[in-house]
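Walk through this structure one part at a time. Keep the coordinates open and follow the residue numbers as they come up.

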Amino acid sequence: AAHITNALTHSLRRLGTRGRAYALGPGVLPSAAMLKALARVAFTCVIAARAHAEANPTHPSPRIMRHEDHAHHKLHHAVELHSASLAESHHQGEQHGHRGSVKMEVHGSGLLEKVPKATHDEGDVVTLTAHLGATDEKWAPKCTRILDKAARLLHFQAKWLINSGYGPSQINSIQVLGEAVSLLRSGQATNQSLELLMAGIGNVTLTTALQSGEVWTATDQNDFHFYCFPGLTAFRELEERNPYVDIEDEPYQAIAQPRIFEEDHVTQRVIEKHEVYYCYRPGTTNKVKRMFVAARKHIEEQVPCIKFRAIRPSLDTENCSAGPAIHVRDQPGGCWTAYQPLNKERNKPQGTVWLNVGRGCEMKGMIVHQLVKVLGMKRESVRIDRDRYLNVRTDHLRHAPLARLLTKRTVPPPEDAYASDPFDFLSVSQLPAQVFTDGVQLSIEPSANPQLAAFLGQRLGLSELDVKELGERFDCPADVRPVSPTRGIAELFLTGDGLNFDGSCKDQDGVSEQLRKLFDDSRTGHLTCGDVTTADCRGLAGSEIQMLCPAACIACVPATADMVNIKNEMILRAPPEYCDNVGCETYDPEGKFCKGENPDALRIECPETHSEYYCDDAGCECPDPMGKKCRLRNPYAKQIPCAVPSSGATKFNTTIHASDGCVDAVNTGIRFRQGPKATCQDLKGYCGHKVLGERVLKACPATCNDEGYKCDPMAAGW
């Protein structure tokens with residue numbers, strides 16, 4: 001945009017008149033289509049700058065004004081073009097009915113060659129980039145993957161709405177969201193359909209998402225915009241792009257005003273509330289305002305002692321009219337919060353916080369993540385006790401200085417402060433597993449179960465422990481109303497448990513009478529697990545209700561098909577224990593997952609796939625005897641004989657001789673195929689496996705002892 005602005009300024013100076021129109025000649029390549037919007041911004045900037053300069057001759061460098069289209073309220077951000085370069089030439093163009101025109105030649109690498117020249121409005125960069133994401137072979141597969149995940153979450157939310165008896169307006173919203181997804185898949189997305197989709201995903205509750213087995217994370221939000229709208233956002237990683245000092249690196253400044261007393265609309269009791277002022281920077285788009293309102297309501301409804309109050313912005317546009325306050329803006333540069341530097345000469349209010357919602361961040365959960373930082377919550381991944389539960393890999397960061405954002409804090413608080421506040425994998429303040437990396441490696445790995453990395457950095461809203469922390473911070477712990485009962489599953493995650501791989505994490509049907517007896521109120525009518533609330537799951541009959549409705553109470557989380565496949569492929573050269581005639585395979589001898597997926601399928605004998613493995617001297621192994629995947633990955637590696645599997649052990653004839661005591665090894669020597677190391681927690685149930693049983697017994701004597709294999713700590717070693 002700066003290049004084009006300079007070019008236009010130079011050309012208009014040569015024309016000697018104040019130009020009021022521009023045109024891109026027929027020589028402009030299709031790859032420059034996305035730059036048309038930038039040319040429009042630049043032209044407006046030049047005209048505004050010239051007018052300002054004429055009116056204020058003592059200010060030779062007028063501020064560049066932002067242009068917003070009045071019809072669609074679209075903010076034209078600078079678009080990052082991958083592998084594209086800009087060349088400028090300034091000369092007199094062809095006449096198009098105007099006093100003069102400027103022809104600009106823009107050369108690129110063919111990034112948008114597939115975008116039709118005349119089918120899109122030049123300012124609609126959303127449609128242009130969506131077309132590229134849906135059709136270009138570089139972006140389309142990854143865009144399809146993330147779109148499939150969004151569609152699954154929306155579909156599960158739709159089923160919940162229908163089963164809960166919602167009315168026609170809610171059902172109509174399901175259809176609208178389906179149409180928005182279809183537009184994206186076809187590459188015809190618009191600003192409106194993109195906003196609808198982001199609002200729809202933001203409305204998926206954390207409870208509903210966990211019941212489906214997956215959550216929407218900050219990484220998903222990054223990938224969605226990066227792959228489905230290539231070039232639309234300035235960065236691949238949207239969060240923590242703070243150009244100033246990060247708010248967590250500064251001493252905390254209280255944002256709340258003196259307390260007020262108001263009636264709680266739910267309990268009808270008068271409670272103390274802390275007011276938090278906020279205002280919008282002039283020109284902030286309506287889309288950002290709508291998403292911010294959704295985010296602050298999400299917090300207010302669960303923590304009733306926090307009340308956000310809108311006030312006017314100040315005349316200088318960089319502050320609110322009173323302080324301390326949150327100054328909401330939508331400037332390019334991702335999602336971040338920062339304390340505004342104090343300028344004593346201009347008498348700016350102390351404690352003003354800039355909260356930026358850049359392109360790609362317009363989603364409720366992304367804004368909630370920033371708001372909880374303003375309210376004093378720290379990132380969960382920097383807790384003093386985090387090393388018990390996370391492996392932080394600073395060697396995987398794309399830039400070494402980013403390690404400061406992953407440095408755990410030491411004081412305060414002391415470690416025993418977390419005795420009643422367990423570490424929370426599901427906290428909205430948690431960073432995603434791939435944060436600050438190249439998007440492939442993990443910088444944060446759950447210690448107990450690597451598959452839990454998929455839940456880190458969720459951006460669907462506050463977890464139960466988040467609500468509890470805010471309630472304690474603002475003096476109303478007894479009044480909080482968490483909508484997602486996640487504490488139980490968060491505690492299970494700490495030990496690697498909670499993920500259910502056999503398909504049994506489902507609510508029971510026909511439990512109306514049982515629930516009626518367990519509920520401590522007078523609910524009538526036909527009752528289902530959909531009527532179960534957080535209070536029910538935590539009440540006196542909570543354990544009984546959780547047995548009837550484990551999914552509704554989030555007593556477990558069903559593993560997705562991808563998670564099951566990863567677990568199935570974890571054991572090297574191990575044949576599956578259960579197979580059916582439609583291609584489903586699992587290491588569960590009873591085949592519960594396959595039966596759930598294909599209830600009408602017939603069980604067949606599983607092939608002994610370990611005898612047909614291909615191995616090379618680069619460490620690659622695959623079940624294809626020709627080794628196509630290994631040869632593609634390591635074309636210069638040599639084939640070597642694969643290790644011969646041994647016979648499995650049984651509980652009744654096996655004694656584990658553990659010279660170092662019955663203690664599980666930290667490093668088992670067994671890995672996920674093409675993935676991270678397998679822990680003893682992952683290897684539960686494999687102590688008697690006919691292929692890896694001996695290795696599991698040796699590496700995990702304590703785990704196997706719990707499963708009935710006798711461990712003799714006094715015997716000689718292996």
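**Helix packing, core and backbone**

In this predicted model, Leu-147, Ala-150 and Leu-154 of H4 meet Leu-197, Gly-200 and Ile-201 of H6. By class, the residues of this contact are five nonpolar, one polar and no charged. H4 spans residues 140–163 and H6 spans residues 191–202. The two helices pack at an angle of about 55°, and their axes are 10 Å apart. H4 and H6 are therefore oblique to each other. The crossing of H4 past H6 is left-handed.

Now move along the chain to another helix pair. H9 covers residues 286–302, and H10 covers residues 364–374. They pack at about 60°, with 8 Å between their axes. That makes H9 oblique to H10. This crossing is right-handed. Which residues meet here, in H9 and in H10? From H9 come Met-291, Phe-292, Ala-294, Ala-295, Arg-296, His-298 and Ile-299. From H10 come Lys-364, Ile-367, Val-368 and Leu-371. The residues of the contact divide into eight nonpolar, one polar and two charged.

Ile-326 belongs to the largest nonpolar core, which has 102 residues. Ile-326, Phe-224, Phe-229 and Phe-455 are the residues with the most contacts inside that core.

Is H8 enclosed or exposed? H8 runs over residues 218–228, and eleven of its eleven residues are buried, so the helix is largely enclosed by the rest of the structure. H3, at residues 125–135, is mostly covered, with nine of its eleven residues buried. Those buried in H3 include Val-125, Val-126, Leu-128, Leu-132 and Gly-133. Thr-127, Thr-129, Ala-130 and His-131 are buried in H3 too.

Next, check the backbone. The peptide bond from Gly-323 to Pro-324 is cis, with omega near 0°. Pro-324 lies in the loop between strand E3 (306–310) and strand E4 (326–329). Ile-326, named above for its core contacts, falls within the residue range of E4.

Two loop residues deserve a look at phi. Asp-475 is not a glycine, yet its phi is positive, near 65°. It is found in the loop between helix H11 (464–473) and helix H12 (487–494). Its relative accessible area is 46%, which means Asp-475 is partly exposed. Ile-554 is also not a glycine, and its phi is about 50°. The loop that holds Ile-554 runs between helix H15 (542–548) and strand E10 (557–558). Where Asp-475 is partly exposed, Ile-554 counts as buried, at 2% relative accessibility.

Finally, step back to the whole chain. How many helices and strands are there? The chain has 20 helices and 18 strands. It has 718 residues, and 51% of them count as buried. Take the contacts between residues at least 6 apart in sequence. Of these, 70% join residues at least 24 apart.

Technical notes: Residues numbered from 1 in each chain as written. Predicted model: local features only at pLDDT ≥ 70, side-chain atom pairs only at ≥ 80, totals over all residues. Heavy atoms only, no water. Axes fitted to C-alpha atoms, helices over the stretch in contact; angles between N-to-C directions. Helix = DSSP H or I, 4+ residues; strand = E, 2+ residues; numbered from the N terminus. Parallel < 35°, antiparallel > 145°, perpendicular 65-115°, else oblique. Left-handed = near helix turned anticlockwise from the far one by under 90°. Contact = heavy atoms within 4.5 Å. Nonpolar A, V, L, I, M, F, W, Y, C, P; charged D, E, K, R; others polar. Core = buried A, V, L, I, M, F, W, Y, C linked by side-chain atoms within 4.5 Å. Buried < 20%, exposed > 50% of the residue type's maximum accessible area, 1.4 Å probe, protein only.
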